[in-house]
Amino acid sequence: MGGTMAKEKGRKMIAQNKKARHDYLIIDTYEAGLVLTGTEVKSLRQGRASLVDGFVQMDGHEAWLYNVHVPEYTQGTWTNHSARRKRKLLLHREEIDKLESKSQETGHTIVPLALYFKDGRAKVEIALAKGKKEYDKRQTLREKQDRREAERVISAVRRKQRA
């Protein structure tokens, strides 16, 4: 590394899973590191990934990220990675133990919420979640619409007061 290259600071979003917040009730969130190959990192730097079908599974006291789509690196050669391979997550032992015990409870699952670079390192935000029923989803949508409607009315009243 040359001295002229500036180190990345802060958080650079790559992909978000907005559907997860709609389909699941988020109980707890964790930040995990990822074990990646060079071509995966380069592909992520181009800002290309999809978390849509992603999920986390515990296997032998280790957390693994499945079904996250990181497209092959365009300039990659035979060393390229497979787009949907399972990737190991880096978490503290107590976090893994907690997730492992909680995820075995009925209806609980672990889903990825966001994929981003933090100070130049790839991180994934995962959540311990509980699946929402159809009526829960409708309720959430209704609350969101009601809140939006209330804000619209308030801003209209304020506009009238200014005039």
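Buried residues make up 33% of the 163 residues in this protein. Buried means under 20% relative accessible area, exposed over 50%, and partly exposed in between, with a 1.4 Å probe and protein chains only. The model is predicted: local features need pLDDT of at least 70, side-chain atom pairs count only at pLDDT 80 or more, and totals for chains, interfaces and linings use all residues. Residues are numbered from 1 along each chain as its sequence is written, and side-chain values use heavy atoms, with hydrogens and water left out.

**Whole chain**

Show the surface. The protein exposes about 10,800 Å², and carbon and sulfur atoms supply 50% of that area. Areas come from the Shrake-Rupley method with a 1.4 Å probe; for residues, only the protein chains shown count as cover.

Switch to cartoon. There are four helices and seven strands. From the N terminus, the order is β-α-β-α-β-β-β-α-β-β-α. These elements are DSSP runs numbered from the N terminus: helices are H or I with at least four residues, strands E with at least two.

Turn to contacts (heavy atoms within 4.5 Å). Among those between residues at least 6 apart in sequence, 69% join residues at least 24 apart.

**Largest pocket**

Select Lys 18, Arg 21, His 22, Thr 140, Leu 141, Glu 143, Lys 144 and Arg 147, which line the largest pocket. Its volume is about 190 Å³. On a 1 Å grid over the protein atoms alone, a pocket is an open set of points with protein on both sides within 12 Å along at least five of seven lines; lining residues have an atom within 4 Å of a point. Points are joined across faces, edges and corners, and the volume is the space filled by probe spheres set on them.

Color by element. Helix 1 (18–23) and helix 4 (134–162) each supply at least two lining residues. Helix 4 gives the most, with five. Domain 1 (11–132) and domain 2 (133–162) each contribute at least three; the bounds come from an automatic or database domain assignment.

**His 108**

Next, go to His 108, in strand 6 (residues 108–118). Buried or exposed? His 108 is buried, at 16% relative accessible area. It touches Ile 27, Lys 102, Ser 103, Leu 128, Ala 129 and Lys 130, not counting residues up to four places away in sequence. Lys 130 is 22 residues from His 108 in sequence, yet 4.6 Å away, C-alpha to C-alpha.

**His 61**

Finish at His 61, in the loop between strand 3 (55–58) and strand 4 (63–66). Phi of His 61 is near 60°, a positive value in a residue other than glycine. His 61 is partly exposed, at 48% relative accessibility.

Note on methods:
1 Å grid on protein atoms, 1.4 Å probe; cavity = no way out; pocket = protein on both sides within 12 Å on 5 of 7 lines; lining within 4 Å.
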